[in-house]
Amino acid sequence: MIPLRFFRFIAGSVAANPIKTNFKSEIKELNIDRKDFGHDFHWGVATASYQIEGAWNTDGKGESIWDRFTVNPKNVKDRTNGQVATDFYNRYESDLVLLKDLNFENFRFSFSWPRILPDGTGKVNEKGIGFYNRMIDKCLELGIEPWAMLYHWDLPQKLEELGGWTNRDIIGWFSEYADLCTRRFGDRIQHWMVLNEPASFTTLGYLSGMHAPQKGGIAKFLAAVHHASLCQAEGGRIIRENVKESHIGTTFSCAYTEPQKRSGRYQRASERLDVMLNRLFIEPSLGMGYPYKELPFIRKIDQFIQPEDVENLKFDFDFIGIQNYFRITSRPSLIPLIWANRVKPSANAEVTAMGWEVSPEGIYDIIMQFAKYGVKEIIVTENGAAFHDHLKKNGKIHDRQRIHFYQRYLQNVLRAKNDGAPVTGYFAWTFVDNFEWDEGIRPRFGLVYNDFKTQKRIIKDSGFWFQEMLK
Ligand code: NOJ
């Protein structure tokens, strides 16, 4: 297994060791006017099943790889787990009412595969289907558009026991699941996404082993990458087949990558990181194949490719979801395979509670980079920040730094749109503070504060800011 520390920076979901920042933010209020984005721009919040639902063993739900991972409290920094999370399973009605109160019109959620198919395939859990039916119907009743993600990392444990993403049979398992979801919910959901950040879950789950299912090694990683790429395209085809007038996307973690110095060595290191972070999953779907040139070890993926795969990797997505949190300054290093690393943010840089550098121009640059592929639509399907929120005695959370974060990132999203990138939507990560994977419940990314003891929701100032802006 490759040492964990080598991959801490790879994906947006990984915290570097949280750094105390001495940054004193010069907060100037910036005016963001939703009219500038156009009347048909999609404004929403994004969530994920394991991070919010809780009810981990209720009503026939099967075990997921994250249920298994968190059994060992040492796997999670603050020793918490998602067994209750934000209890969305029981509180979805009041949460959706709150979402509507904040003037959001779009809600991104994911289906929990083991809630629907406890063993991953075969017997359907009708109670799980019932939960999603009620939740979707509540969205529609409130005038909220549901945006469904098929896979946000909670693989059924039963399938992991058969090899999970490293087993080619996952194409069949995933197709069965995608077919079921689209048949049962496709009459009421138009917007669908296939995979959440495949570069994150393959790297963290099957290369570094930092996330569930804690597997490691190049062969496992490359097998998982290839099978996820095939499922990404196959999922798109199944949605198109089963859902009338569908709007189909998939999402990518991404971070604009720049060399620390202009020399060739630094440039090449930056290109290698760019492959790992930004290019590995989109290029095969566009028919460009895997990007071997800059990163030769990727060529070993050939051993998993069958002749018909070359065609099957392609899918013509209606939109590409980009999920951006920070930018990377890169340098050559001794990290095996990639031979590159990120340069740590300087001591006076503005960083979030995750240690991620706040770099609003980075979202502009990465949108423009994706726009060059000529994709039809780009939607920012995640962007946001964890900060150290303080609940005041008067029951308020004055998270001005988060407001300022959103204002600056949104300015840059608008700049990219005005410069010709086909940006059609923006989803904040996230609605209510939730379970942040191996980091636990400590990092608070929400527009709404959650008291995890009582499940009381308290709107932060950033939530009120969105409410006002979206009015
Ligand atoms: C990426 C993931 O999709 C999401 O699950 C995670 O919580 C956020 N980024 C923040 O790290």
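Helix α3 (residues 88-101) packs against α5 at an angle of about 15°, and the two axes lie 10 Å apart. Helix α3 is therefore roughly parallel to α5, a term for angles under 35 degrees. Axes are lines fitted to C-alpha atoms, for helices over the stretch in contact, with angles from 0 to 180 degrees taken between N-to-C directions. Helices (H or I, at least four residues) and strands (E, at least two) are DSSP runs, numbered from the N terminus. The structure is a predicted model, in which local features need pLDDT of at least 70 and side-chain atom pairs count only at pLDDT 80 or more, while totals for chains, interfaces and linings use all residues. Residues are numbered from 1 along each chain as its sequence is written, and side-chain values use heavy atoms, hydrogens and water being left out.

The crossing of α3 and α5 is right-handed, that is, the near helix is turned clockwise from the far one by less than a right angle. On the α3 side the contact (heavy atoms within 4.5 Å) comprises F88, Y89, Y92, E93, L96, V97 and K100, and on the α5 side K127, F131, R134, M135, K138, C139 and L142. Of these residues, nine are nonpolar, none is polar and five are charged; Ala, Val, Leu, Ile, Met, Phe, Trp, Tyr, Cys and Pro count as nonpolar, Asp, Glu, Lys and Arg as charged, and the others, Gly among them, as polar.

Eight strands form a closed barrel in the order β1-β2-β3-β4-β5-β7-β10-β11, with parallel pairing; two strands pair if DSSP finds at least two bridges between them. Neighbouring strands of this sheet are turned against each other by 25° on average, direction ignored. Helix α5 (residues 126-142) packs on the sheet, where it touches β2 and β3, and its direction makes about 170° with that of β2. Strands β2 (residues 106-110) and β3 (residues 145-151) run parallel and are joined by five bridges, with N106 opposite E145 in β3.

A further sheet is open and consists of three strands in the order β6-β8-β9, with mixed pairing. Because β6 and β9 stand at the edges, each with a single partner strand, one side of each is left without a neighbour in the sheet. Strand β6 (residues 257-259) pairs with β8 in the parallel sense over three bridges, and P259 stands opposite S330 in β8. Strand β9 (residues 340-342) runs antiparallel to β8, to which three bridges join it; R331 stands opposite N341 in β9. Helix α10 (residues 264-279) lies across β6, β8 and β9 and runs at about 125° to β8.

Terms used. Angles under 35 degrees count as roughly parallel, over 145 as roughly antiparallel, 65 to 115 as roughly perpendicular and the rest as oblique.
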